[in-house]
Amino acid sequence: MAWDFDTDPEYQELLDWADAFVRDEVEPLDLVLGDPYDKADPSFRQLVRPLQQQVKERGLWACHLGPDLGGQGYGQVRLALLNEILGRSRFAPSVFGCQAPDSGNAEIIAHFGTEEQKKLYLAPLLDGEISSSYSMTEPHGGSDPTMFTTRAERDGDGWVINGEKWFSSNAKHAAFIIVMAVTDPDVNAYEGMSMFIVPAGTPGLTIVRNVGVGTGREGSHGYLRYEDVRVPAGNLLGEEGGAFAIAQTRLGGGRIHHAMRTIAQVRKAFDMMCERAVSRQTRFGPLSKLQMTREKIADSWIEIEQFRLLVLRTAWLIDKHQDYRKVRKDIAAVKAAMPKVFHDVVQRAMHLHGALGVSGEMPFTGMLLGAQSMAIADGPTEVHKITVARQILRDYEPVEGLWPSGHLPTRREAARARYADALERAVGNE
């Protein structure tokens, strides 16, 4: 039996290096550079490339991938401990070669792609030379695949795609897009959809607009229209009809990695909260002397630690089973818990900063918006709660008869019957 909360010294040394490296070299990039996915930006090449090289020299590049793809093949527990650090910075995942959606796209091409697809798309993606996009969600159906209507139909030696996709992140910077489309409308959605690789600039592929989040009018989430978009047969990713299985492989890892990085954001808010508590003076002394401030700090610390343990336990289960389906309930629980912890801790930190907290001079409003985004991305919280409950209830059977199994009179009667002889002897011996 192994149940350990220690990190082996060799890996801890790497984590310590990553912690200092992200703090000193990477986090400042968030304040001076634009979009981490704009690989054509000269400033990106000048500032980020040397940092990526340092990461590669330390052996921490694309650690989610196996050695055959240039990574370390780390399990989820190790990735969790690393992502707790990387999540502090917008640019850190790109510097470490594990940015979403590129990491997930790389993973599915590695697992399901042909040798030609790996050569054309995976190799430059892993080298950090290009960005990619994942085109699944549709405007009318959200993330529910049974509602998707985007079609891909055979035409000669290729496929023709028609439809619209919504929130295809980083599409404007992507060299290629992985799109999910219905290929057989006569079977259920879980067997009738396929995935295709669509190169940027393919005729008929249009970015209707780039959607922002919150008050941002111009963002990086592409609203895409596919109008007779033709791709060769070789651009089918995986088997025809296999899109759902591919998507679940991709999304399972993505959800737990979002949670790992969220821990970093929540801790960042918590540190700012505690700093404010000991720094801000009132007529009664620092905020830290006030009982309600202490309650906010205590509640936040407890919630962060509970959430972190849930994430690490789920990561451990993934490593143990090597099958996302066996850990579906736990991943769903992490996904459902994440936005509430994120929101609650950030809201308390914002409140302790007063007017400064809600201003654009502190990061809290953006963090609150991030919490709401996490409640929607990769499936809304409500869906994941339903998944958790459904998985749990499978282990229970309905009671036979009128009374619940916890009915005390019934249990008492059964206990008396069980111990009747012993009770009679005890009474007789008095």
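Tutor: With the space inside: the largest cavity holds about 80 Å³. This is a predicted model, in which local features need pLDDT of at least 70 and side-chain atom pairs count only at pLDDT 80 or more, while totals for chains, interfaces and linings use all residues. Residues are numbered from 1 along each chain as its sequence is written, and side-chain values use heavy atoms, leaving out hydrogens and water.

Student: What is a cavity here?

Tutor: Rolling a probe the size of a water molecule over the atoms shows where empty space is left. A cavity is a set of points, on a 1 Å grid over the protein atoms alone, where a 1.4 Å probe fits but cannot get out; lining residues have an atom within 4 Å of a point. Points are joined across faces, edges and corners, and the volume is the space filled by probe spheres set on them.

Student: Which residues of the lining lie nearest the centre of the largest cavity?

Tutor: Gly97, Gln99, Asp102, Leu125 and Leu126, out of 13 lining residues. Helix α6 (102-112) and helix α7 (115-126) each give two or more, helices being DSSP runs of H or I with at least four residues.

Student: And which residues touch the most other members of the largest nonpolar core?

Tutor: In general, nonpolar side chains tend to be buried together in soluble globular proteins. A nonpolar core joins buried Ala, Val, Leu, Ile, Met, Phe, Trp, Tyr and Cys residues through side-chain atoms within 4.5 Å, buried meaning under 20% relative accessible area with a 1.4 Å probe, protein chains only. Here the largest has 92 residues, and Leu60, Phe96, Ile178, Met180 and Met195 touch the most other members. Helix α8 (residues 243-279) gives the most to this core, 14 residues. Apart from this core lies another of 16 residues, including Trp159 and Val229.

Notes: On a 1 Å grid over the protein atoms alone, a cavity is a set of points where a 1.4 Å probe fits but cannot get out, and a pocket is an open set with protein on both sides within 12 Å along at least five of seven lines; lining residues have an atom within 4 Å of a point. Buried means under 20% relative accessible area, exposed over 50%, partly exposed in between (1.4 Å probe, protein chains only).
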